Amino acid sequence: TKGSGTRSDIALDDITVTDPGSGCVFTWTTNSSNGTSGWSATNTEDITVTNTATTDHVGNYTLTVTSAAGCQNSDIVTVTSGPMISTNASFTTFASCAGSDGTAQSFTVTGSSLTGDLTVTPPTGYEVSTSSGSGYNSSSITLSESGGSVNTTVYVRLTSSASNGASGNIAISGGGATTVNEATGAGTVNSLPNVTASVAES
């Protein structure tokens with residue numbers, strides 16, 4: 001049995017089969033959610049599953065060998081995933097009025113096989129929260145993992161002191177996973193209108 005972690009390429013090779021006769025038939029099966037889609041083959045000793053592995057490829061890969069005499073034996077390769085963070089941000093231009101907090105936008109942070117909590121750190125001029133109306137922090141917030149997983153909505157907005165054009169990356173890090181950066185784009189801080197009032201005497 002050979003084990004492998006999820007990576008950019010899953011090649012199930014260097015398989016050793018000792019055949020008591022000749023004419024073995026090889027059959028590969030899997031319980032991964034991807035199934036056999038994209039495989040190089042399912043009936044050869046060595047196969048290539050994918051060159052763009054995702055968590056859909058996590059699971060057991062079973063090689064069943066049938067001899068010419070009809071006798072069968074099998075072994076299993078288990079593919080697991082390391083800590084992983086994914087996001088689904090699709091921001092429009094962040095906007096605010098000078099001196100006021102901006103309008104919030106949201107995105108989802110998903111983590112799997114994590115070894116600890118995640119930290120969300122906004123760039124200068126932005127603040128983040130896990131609640132749309134309160135709890136905003138311009139330094140960072142923590143997303144607690146449970147059973148190695150995180151699935152949390154994060155809200156982002158311009159701070160009341162943001163400068164026009166504020167931009168940068170929202171960094172999602174921790175849990176043993178590779179840091180993911182989400183670009184905010186350049187925010188727009190709109191100037192307030194000039195208002196002059198005077199009292200007219202009659």
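**Notebook: salt bridges, aromatic rings and a sheet**

I took a salt bridge to be a side-chain nitrogen of Lys or Arg within 4 Å of a carboxyl oxygen of Asp or Glu. Arg 157 lies in strand β13 and Asp 101 in the loop between β8 (95-97) and β9 (105-112), so this pair ties together parts that are 56 residues apart in sequence.

I noted that the model is predicted, that local features need pLDDT of at least 70 and side-chain atom pairs pLDDT 80 or more, and that totals for chains, interfaces and linings use all residues. Residues are numbered from 1 along each chain as its sequence is written, and side-chain values use heavy atoms, with hydrogens and water left out.

**Entry on Arg 157**

I located Arg 157 within strand β13, which covers residues 150-158. Strands are DSSP runs of E with at least two residues, numbered from the N terminus.

Is Arg 157 buried or exposed? Its relative accessibility is 15%, so I recorded Arg 157 as buried; the term means under 20% relative accessible area, while exposed means over 50% and partly exposed lies in between (1.4 Å probe, protein chains only). Asp 101 is partly exposed, at 39%.

I then looked up the second partner. Glu 127 forms a salt bridge with Arg 157, the closest N and O atoms being 2.6 Å apart. Glu 127 belongs to strand β11 (residues 126-129) and Arg 157 to strand β13, so that distant parts of the chain, 30 residues apart, are linked. Glu 127 counts as buried at 10% relative accessibility.

How many salt bridges are there by this rule? I recorded two. Asp 101, Glu 127 and Arg 157 are linked in a network of salt bridges.

I also listed what Arg 157 is in contact with (heavy atoms within 4.5 Å). Apart from neighbours within four places in sequence, the list includes Phe 94, Gly 125, Tyr 126 and Tyr 136.

**Entry on the aromatic rings**

I counted four aromatic pairs by the rule for rings. Rings of Phe, Tyr and Trp (its six-membered ring) pair if their centres lie within 6.5 Å; planes under 30 degrees apart count as stacked, over 60 as edge-to-face and the rest as tilted.

One of these pairs is Phe 91 with Phe 107, which is edge-to-face at 5.7 Å centre to centre and 85° between the planes. Phe 91 lies in the loop between β7 (84-87) and β8, and Phe 107 in strand β9, so the pair ties together parts that are 16 residues apart in sequence. I found both Phe 91 and Phe 107 to be buried.

Which residues form one aromatic cluster? I wrote down Phe 91, Phe 94, Phe 107 and Tyr 126.

**Entry on the open sheet**

I traced an open sheet of four strands, in the order β12-β10-β14-β15, with antiparallel pairing. Two strands pair if DSSP finds at least two bridges between them. The edges are β12 (141-143) and β15 (177-183); each has a single partner strand, so one side of each is left without a neighbour in the sheet.

Strand β10 (residues 118-121) is joined to β12 by three bridges, and the two run antiparallel. In this pairing, I noted Leu 143 of β12 as the bridge partner of Leu 118.
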